[in-house]
Amino acid sequence: MWGALLRRGVRGGGGLRCLSSGGPPWSQVVSEAEKIVGYPTSFMSLRCLLSDELSNIAMQVRKLVGTKHPLLDTARGFVYDSRNNLQMRGLVVLLISKAAGPSTAELSFQHDMVSGIYSSQRSLAEITELIHTAFLVHRGIVNIGELKSCDGPLKDMQFGNKMAVLSGDFLLANACTSLAQLQNTKVVELISSAIGDLVQGIYYENSKSHEENCLTDDIGISRWKEQVFLRHSALLAKSCQAAMELAKHSAEIQDMAFQYGKHMSMSHKLHSDLQPFVKETSSDTMAFSLNSAPAILHQEYRGREAWLKQIREAQGKGNIVDYKKLQEAIKAGKGVTSAIDLCRCHGNRALAALERFPPSEARDALANIVCAVTRFP
């Protein structure tokens, strides 16, 4: 049923349907969703709340201009997020909070609701963004031992690492303080476990990337999904569940919110991994991770040894990888089509979870987000 909806339809009649082509672009979907929750680009509010501290951080980061430290790219993303990805997690938490509606339980804070969302749920959305941003900043730490002269002066790169550690810690500390102020033990437990999942996923990613100088992991798609859940899906899934807990919704609604957050973010990650293979570029081939979903699925179909042989054949002098050659090899196999199918499968499951919520603009906006990340040229 849901596969047909993703391939076929339009929205209407209380049901959830997606257009397989056409439809509004991702940026428009996000913009319309923000209007529904009465919340402009959500990270902007955080910059207002933390303006003095973030201004000081920004002044320090300016010292890195002229270097290739990744913290600069992260900082640019705060100011100019052209694909509207930075605030996506907080926005989804707000949308699902509004889609679930007010709780039927007698709550002392029933009056504390604006645009159909409790203030505690808005705080949770900001906490979710803070945590995500803190980890983005922390991932901007470079390995000093692998630096080249063209990357920038050593002292500047060392300073950038210090700034990445301290500013990431600052954001994470603010998130933990705000989390404690929610005064809900289950919510604290959920978000704390999500932070643990993030650490575990990133630790595994970093530990594997330096083993035997191997460009690609020897894993199947099942293991890949487990790792992606830890790094990309756990925070959003558990934040959606926590938003339902704050409003004292039933265990069933909490689970449906968790399932939506999990499967929507899995679709989002798969959609991102597929862009180098489906996006129509003019000339240059987009670089891609050899541990992305299309590559992992290609390895499953071709076999580990055959895939490693293709990688070796695509390496030139200095072990520089010819991504165009590898891209053509993956396109010629089943990796891309299988990844698209998997993306839509997770989209189906996200839409199925939404069926448990009453029809509303917020629910339609959540469905539109799924449609945007399961639609390909």
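Predicted model: local features only at pLDDT ≥ 70, side-chain atom pairs only at ≥ 80, totals over all residues.

User: How many salt bridges does a search of the whole structure find?

Analyst: Eight. One of them joins lysine 238 and aspartate 197, with the closest N and O atoms 2.8 Å apart. That pair links distant parts of the chain: lysine 238 is in helix α10 and aspartate 197 in helix α9, 41 residues apart.

User: Are lysine 238 and aspartate 197 buried or exposed?

Analyst: Both are buried.

User: OK, what does arginine 356 form a salt bridge with?

Analyst: With glutamate 252, and the closest N and O atoms there are 2.5 Å apart. Arginine 356 lies in the loop between α15 and α16 while glutamate 252 is in helix α11, so the pair ties together parts 104 residues apart in sequence. Arginine 356 is partly exposed, with a relative accessible area of 46%, and glutamate 252 is partly exposed too, at 42%.

User: And which residue does glutamate 355 meet in a salt bridge?

Analyst: Arginine 363, at 3.9 Å, N to O. Glutamate 355 counts as partly exposed at 35% relative accessibility, whereas arginine 363 is buried at 2%.

User: Which residues are linked in a network of salt bridges?

Analyst: Lys186, Glu245 and Lys248.

User: Switching topic: why call α7 largely enclosed by the rest of the structure?

Analyst: Because 16 of its 20 residues are buried. Its length checks out as well: at 1.5 Å a residue, helix α7 (residues 119–138) should span 28 Å, and its end C-alpha atoms are 29 Å apart, which agrees.

User: Now rings. How many aromatic pairs are there?

Analyst: Three. In one, phenylalanine 229 and phenylalanine 258 have ring centres 6.3 Å apart and planes at 55°, so the pair is tilted. Phenylalanine 229 sits in helix α10 and phenylalanine 258 in helix α11, 29 residues apart. Phenylalanine 229 is buried at 18% relative accessible area, and phenylalanine 258 counts as buried at 15%.

User: What sits over the ring of phenylalanine 229?

Analyst: The charged end of lysine 262, 5.7 Å from the ring centre.

User: Which rings are linked into a cluster?

Analyst: Phe277, Phe288 and Tyr323, through ring pairs. For burial, phenylalanine 288 counts as buried at 7% relative accessibility, while tyrosine 323 is partly exposed at 27%.

Key: Residues numbered from 1 in each chain as written. Heavy atoms only, no water. Salt bridge = Lys/Arg side-chain N within 4 Å of Asp/Glu carboxyl O. Helix = DSSP H or I, 4+ residues; strand = E, 2+ residues; numbered from the N terminus. Buried < 20%, exposed > 50% of the residue type's maximum accessible area, 1.4 Å probe, protein only. Expected span 1.5 Å × (residues − 1). Phe/Tyr/Trp six-rings, centres within 6.5 Å; stacked < 30°, edge-to-face > 60°. Lys NZ or Arg CZ within 6 Å of the ring centre and 35° of its normal.
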